[in-house]
Amino acid sequence: MPRIAFGAGVRSTVGACAARYGRRALLVTGGASLRAAELEQSFATAEVHIEQVQIADEPSPDQIDAAVRAYHQADIDVVVAIGGGSALDAGKAIAGLLRPGNSVLEHLEGVGPERPYQGPAVPFVALPTTAGTGSEATKNAVLSQRGAEGYKKSFRDEALVARDALVDPDFLQTCPRSVLAANGMDALTQLLESFVSTRSNRLCAALALDGLKQARDALLPLYEDPSNAEARAGMAYASLLSGICLAQTGLGSVHGLASPLGAFFPIPHGMACGTLVAKATDINLSAMQQREPEHPALEAYATVGRLFANEQGLSRQEAWDALLDRLWDWTQSLQLQRLSAWGVTSADHPRIVANSRGSSMKTNPIVLRDEEIAAILAVRQ
């Protein structure tokens, strides 16, 4: 768990934060490099010299290895990543490998030899500029190799967790609305899947429920008006909690599908999650009612439905209906694109289903049949 600083303006402390670890920092940014320029004065005041690596789109193993080769001998004291989940995941992976100097493919789950990571890792500081992945609070760096033989896999180790997470909601004011929508639905999905996960526990359930309440109240207001400071803070907080929760509980069928979708097609992760979460929830509810009617996740889903409806007296069925209604409403209101907009066709479903049973699917509340997973894909075709 990182040391967390949360609130408007905490980005200005990044230089002092980095200086605790040394005077040479590697700054990893996403596509919007101007965000890094905002922080140059903070580094200069703290007398921290910075080198910079830019990671466009979702990070690939080749990008990580290239950065490690370039800075392995540069005596970097701290890696600072600023951006969305992709930039933070890239920073995490680079920080983990700068000192060992080896390829990330040696440790990537389900790809190479999966050798245990020995470290040591360079200290890592995370500044999320979006509200979605919660990567600032997790131990896994998700890397993508796109194409027909593509994959989306994690380099995962406790040593990769950020030492410090500076969560400044004001970054969200300049996010495009489409990014706010996709990332917001990613955070909401992570909270929901954590809450009903087979590894859910009382502590994470409490955090997830608090995050879901924040998302309920802040997601649409932020999408409609990014200048809404209360909504910015609410979604930044919800996203942070989603990362904390998923790190402990795992996720579910939506993220199980988002992995092959992101590997085979150029669909942003949050867009995939937001497009599928309503139908995936519907399928989970139906499968449990048919095969495991006493499953505790049925009551967990009802709890979320009552929260979203703000009606604690609802019956289970009424609560499930309220939950599904809200999820479908958000999918429409946030103008999330259908899978077909990214080139997905029904002919691709068997390949996607076959590659969906990774770590996230293993903590789905019920084991779904292939035809049930395909039905999730079909609804937003």
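D329 lies in helix 12, residues 316-333. Helices (H or I, at least four residues) and strands (E, at least two) are DSSP runs, numbered from the N terminus. This is a predicted model: local features need pLDDT of at least 70, side-chain atom pairs count only at pLDDT 80 or more, and totals for chains, interfaces and linings use all residues. Residues are numbered from 1 along each chain as its sequence is written, and side-chain values use heavy atoms, without hydrogens and water.

D329 is partly exposed, at 37% relative accessible area. Buried means under 20%, exposed over 50%, partly exposed in between (1.4 Å probe, protein chains only).

**Loop between helix 5 and strand 5**

R99 sits in the loop between helix 5 (85-97) and strand 5 (124-128). R99 is partly exposed, with a relative accessible area of 41%. Leaving aside residues up to four places away in sequence, R99 touches H72, I76, D77, P120, A121, V122 and P123. Contact means heavy atoms within 4.5 Å. R99 and I76 are 23 residues apart in sequence, yet 8.9 Å apart in space, C-alpha to C-alpha. P120 is found in the loop between helix 5 and strand 5. A cis peptide bond joins G119 and P120, with omega about 0°.

Most residues other than glycine have a negative phi, and most peptide bonds are trans.
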